[in-house]
Amino acid sequence: MRLKLIACKVLTREISCALANSANYIDTTFIRRDYHDRPEVLRRVLQDEIDKIDENDDICTHRFQDASQDFDAILLGYGLCSNALLGLVSKKYPLVVPKAHDCVTLFLGSKERYDKEFHSKNGIYWYTKGWIENSLMPSKHSYEIAYHKYVDLYGEDNAEFLLEMEQGWNTKYENCIFISQGMPGEEQDRTFTKECAHFMNWKYGELKGDHTLMDDFINGNWQEDRFLVVPPGKTICASFDHDIVCVGERQTD
């Protein structure tokens, strides 16, 4: 198959391993993780990428000489991700997405395992190599950056108070879990995660990752219970059940 993959940068290493071992032709675009902070912006960015492919304006599609070299589908390397995928549509290609709330499902290998781990402990903050490399994770370093920002803006007297107000979110977490994927350099990431857990007053834990879902995603093994295949002209909707996502009708103005 010839596939177009649009994926979050936090999945770069794992997806690259899957790509290297796949017989499929897969052109890949990685999207900055920062857009997760504003799901409505991420949705616009993803739809813009899909539109470029539909309109033959994606940089890769100019290489196609005939219809036999066109894409068979567009893969979206995301979970539902705070509803960022809702409403996405391709006029020309099937869209394929994992049935997942977020990328942690892809790191753990299945939505069933994600549900089991999510409900096994109170308040889990997940750390992976990709997240550490592409995001400012909760840590002493991120705390110091925020503190100095407030000092510059409001002075030392107000900085501590404002930071305490801003950091109130972390009280809903009790556990810090590192997902190991067997990547080079993980010992450094593991040490960093333990330091973060200590600083944030969270319990440290570790889980072994599972590449199965990502490998099957890349290789085209799209079983209905694990992946959603959206026909052209249809859109991605939330199913509000164990499937997480479902096919919906495109909204027209």
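R33 lies in the loop between β2 (25–31) and α2 (39–54), where helices (H or I, at least four residues) and strands (E, at least two) are DSSP runs numbered from the N terminus. The model is a predicted one, in which local features need pLDDT of at least 70 and side-chain atom pairs count only at pLDDT 80 or more, while totals for chains, interfaces and linings use all residues. Residues are numbered from 1 along each chain as its sequence is written, and side-chain values use heavy atoms, with hydrogens and water left out.

With a relative accessible area of 9%, R33 is buried; here buried means under 20% relative accessible area, exposed over 50%, and partly exposed in between (1.4 Å probe, protein chains only). Leaving aside residues up to four places away in sequence, R33 touches C8, V10, W131, N134 and S135, a contact being heavy atoms within 4.5 Å.

H211, in the loop between β7 and α9, counts as partly exposed at 29% relative accessibility. For Q223 and G130, 93 residues apart along the chain, the C-alpha separation is 26 Å.

Helix packing can be followed in the pair α1 and α9. The axes of α1 (residues 12–20) and α9 (residues 212–219) come within 9 Å and cross at roughly 50°; axes are lines fitted to C-alpha atoms, for helices over the stretch in contact, and angles run from 0 to 180 degrees between N-to-C directions. The two helices are therefore oblique to each other, given that angles under 35 degrees count as roughly parallel, over 145 as roughly antiparallel, 65 to 115 as roughly perpendicular and the rest as oblique. In the contact itself, E14, I15, A18 and L19 of α1 meet M214, D215 and I218 of α9. By class, this contact has five nonpolar, no polar and two charged residues; Ala, Val, Leu, Ile, Met, Phe, Trp, Tyr, Cys and Pro count as nonpolar, Asp, Glu, Lys and Arg as charged, and the others, Gly among them, as polar.

The cysteines come next. The structure holds zero disulfides, a disulfide being a pair of cysteine sulfur atoms within 2.5 Å. C103 is in no disulfide, and the nearest cysteine sulfur, that of C81, is 6.2 Å away. C103 counts as buried at 9% relative accessibility. For C196, the closest cysteine sulfur is in C176, at 6.4 Å, which is too far for a bond. C196 is buried too, with a relative accessible area of 1%.

Most residues other than glycine have a negative phi. N201, not a glycine, has a positive phi of about 65°; N201 is in the loop between α8 (186–200) and β7 (203–208) and is exposed, with a relative accessible area of 69%. F240, also not a glycine, has a positive phi of about 55°. The loop between β9 (234–238) and β10 (245–249) holds F240, which is exposed at a relative accessible area of 79%.
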